[in-house]
Structures are given as C-alpha cells and as structure tokens.
Amino acid sequence: MCIKKINKIEFINNVKKIKARVHSIETFGAVDGPGIRFVLFLQGCHLRCLYCHNPDSWDLNSGNEVSLKNILKNIMAYKKFYKKGGVTISGGEPLLQHEFLFEFLDALNMLGFHSAIDTNGFIDLKYSQKCIDRANMLLLDIKELEEEDCIELTGYSNKNTLKTLQYCQSINKEVWIRYVCVPNYTLKNEKLHKLGNLLKDYSCVKKVDLIPFHQLGSYKYKDLNIAYKLESSPTPSTEQMQNAKEIINGYGLQT
Ligand code: SF4
C-alpha cells in the first residue's frame, strides 16, 4: 500500500536509522530488471566467481556507509524516471546485508516503487526469505547446475540457489534467471539443455538472461593484485550466443 504523496518526505525523515555498505549507485539502469531503474550495488560477496567483473565488491568492510534515509532521498530525486521501472538492489551479494535490505524493501513498498533483488541465491533462506517476500521480483543467478563445476566456478555449492528458486515458485514470485555464458565452462550445449530442462517446469521464471562473458573487469584484478584465472579466456561469438538462446527458447523459455 502506498502512503499519500504528502506524507512521503515525513516518512523518509523518520525511517529507521540503519546504514548499508554501498559499492556504487546507478541512477539510470537499463539492464537490471524491467524499465529504467535506480540500481543500488551493495558491498560484499562471499563467492569468488572466476568471471566476476567486480572483485572490488567482494570485501564486506569496504565501500561507503550510507544511511537508508539518504538512499531514499537519492531515489526520490529521480523518481519520475522510475514510474515504469523501479529499484534494483544488486551487489556484490545484496542479501549479505539482509537486515538493511529488509528495511529498504519495506520503505520502497511504502513509497510505491517496484523492487527487484539481484542475487546469487547462495544466502540461506532463513536469512533471505523475509526479503524475498517483500520484493516484487528476483533476478536470480544460476551459475552452474553441476555441483562440482559450480564449486570450481564460484567456490560454493549451488544448493541454496536451487532452494531459493523453489521457494520463489512456491510463493509465485517472479524470477528472471541470469546465466553467464563462459566458453569452456558454462557455454556448453549439454549444460544449456540441462538448464532449459530444469527451468521449463518453473512457472515463476518469466525470462532467462543469457549474459556473454566479457573481459571488461580484468584490469581490476591487476589493480587489486588478485590472480585472474580467465585472463586469456575467449568471449563468446555472436553465433555461440545465438545457439545458446535457441537451446533455451526450445524449452519454451523467453530469453
Ligand atoms: S556472485 Fe557476483 S559479485 Fe559475487 S563473485 Fe560472483 S559475479 Fe562477483
């Protein structure tokens, strides 16, 4: 339920005094959910995806501390752009800061903004569930369906991600899946068929975003003095991405 326009400033001035560790903010996001969106990138991630282009987002103690009130004021300054879009909370892994996220989502609901959590789904549901319940939708990364390959690619099991997906199905929460296509890792026909075959049974999944691996973040590894295993990995060709789309579309899924 939206509160009346006249009360919004008062509402923001009285929100809970809670702060987030923020990596960065994008005020005109066009690729992180439907429409034009305010995208809040929270600091901290426990995974170590080989293809991560934001290794500077990993350290939970880095970034800037920003109050909920100031973040909401920032959103309100651009609110006319978000009428057909909304607000996406990304990272890093935003659910690591689930206490902040819970308050933030409540405030967004009160102010009438559509909300999306962009998550890797690795956080246990006992922490993430209350946030998922409050968001309008999830952008959920499926990194790998093969357990061993997932551990090699990210350092962790995919079990919680699959539980998160099942939970979204059980409450009919809209999900857009994100799958990064990395040649010689995730971009293999049998893996794409396995993904399509799994997702076809989830009516909560409205879209599958196939994201081509890129090298745009490679300089950050040098700057941070972190080893980058995919330094010489190729990016997918247009034909490879088209083939991947066709496989997923073949299971009746939108890409
Ligand atoms: S989940 Fe996202 S932020 Fe975390 S390591 Fe993987 S790609 Fe990077």
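Analyst: Two residues are in contact if their C-beta atoms, placed from the backbone, lie within 7 Å. This is a predicted model, in which local features need pLDDT of at least 70, side-chain atom pairs count only at pLDDT 80 or more, and totals for chains, interfaces and linings use all residues. Residues are numbered from 1 along each chain as its sequence is written.

User: With which residues is Leu138 in contact, leaving aside its neighbours within four places in sequence?

Analyst: Leu138 is in contact with Ala116, Ile117, Thr119, Ile132, Cys168, Lys173 and Val175.

User: How many residues does the largest nonpolar core have?

Analyst: In soluble globular proteins, nonpolar side chains tend to be buried together. A residue is buried if 20 or more other C-beta atoms lie within 10 Å of its own, exposed if 12 or fewer, and partly exposed in between. A nonpolar core is a set of buried Ala, Val, Leu, Ile, Met, Phe, Trp, Tyr and Cys residues joined through C-beta atoms within 7 Å. Here the largest such core has 60 residues, and Leu40, Leu138, Val175 and Ile177 have the most contacts inside it. Helix 3 (residues 98–111) supplies the largest share of this core, seven residues. Helices (H or I, at least four residues) and strands (E, at least two) are DSSP runs, numbered from the N terminus.

User: Which residues of strand 6 are buried on each side?

Analyst: In a regular strand the side chains alternate between the two faces of the sheet. In strand 6 (residues 137–141), five of the five residues are buried, so the strand is largely enclosed by the rest of the structure. Met137, Leu139 and Asp141 lie on one side, while Leu138 and Leu140 lie on the other. Strand 6 pairs with strand 5 (residues 115–119) in the parallel sense over four bridges; strands pair if DSSP finds at least two bridges between them. Within these strands, Thr119 stands opposite Leu140.

User: Which residues of helix 2 are buried, and what covers them?

Analyst: An α-helix has 3.6 residues a turn, so residues three or four places apart point the same way. In helix 2 (residues 68–77), the buried residues are Ile71, Leu72 and Ile75. Seen down the axis of helix 2, they fall within an arc of 95°, so they line one face; the arc is that of the directions from the helix axis to the C-beta atoms. Their cover includes helix 1 (8–13), strand 1 (19–29) and helix 3.

User: Where does helix 5 place its buried residues?

Analyst: In helix 5 (residues 147–154), Cys150, Leu153 and Thr154 are buried. Their arc is 75° down the axis of helix 5, so these residues line one face of the helix. Gly155, which follows helix 5, has a positive phi near 95°.

User: What should I know about backbone angles?

Analyst: Most residues other than glycine have a negative phi, and most peptide bonds are trans. Asn184 has a positive phi near 75° and is placed in the loop between strand 7 (174–181) and helix 7 (189–199). Asn184 counts as exposed, because it has 10 C-beta neighbours inside 10 Å. Asn225 also has a positive phi, about 60°, and counts as exposed with 6 C-beta neighbours inside 10 Å. A cis peptide bond joins Gly91 and Gly92, with omega about 10°. Gly92 is found in the loop between strand 4 and helix 3.
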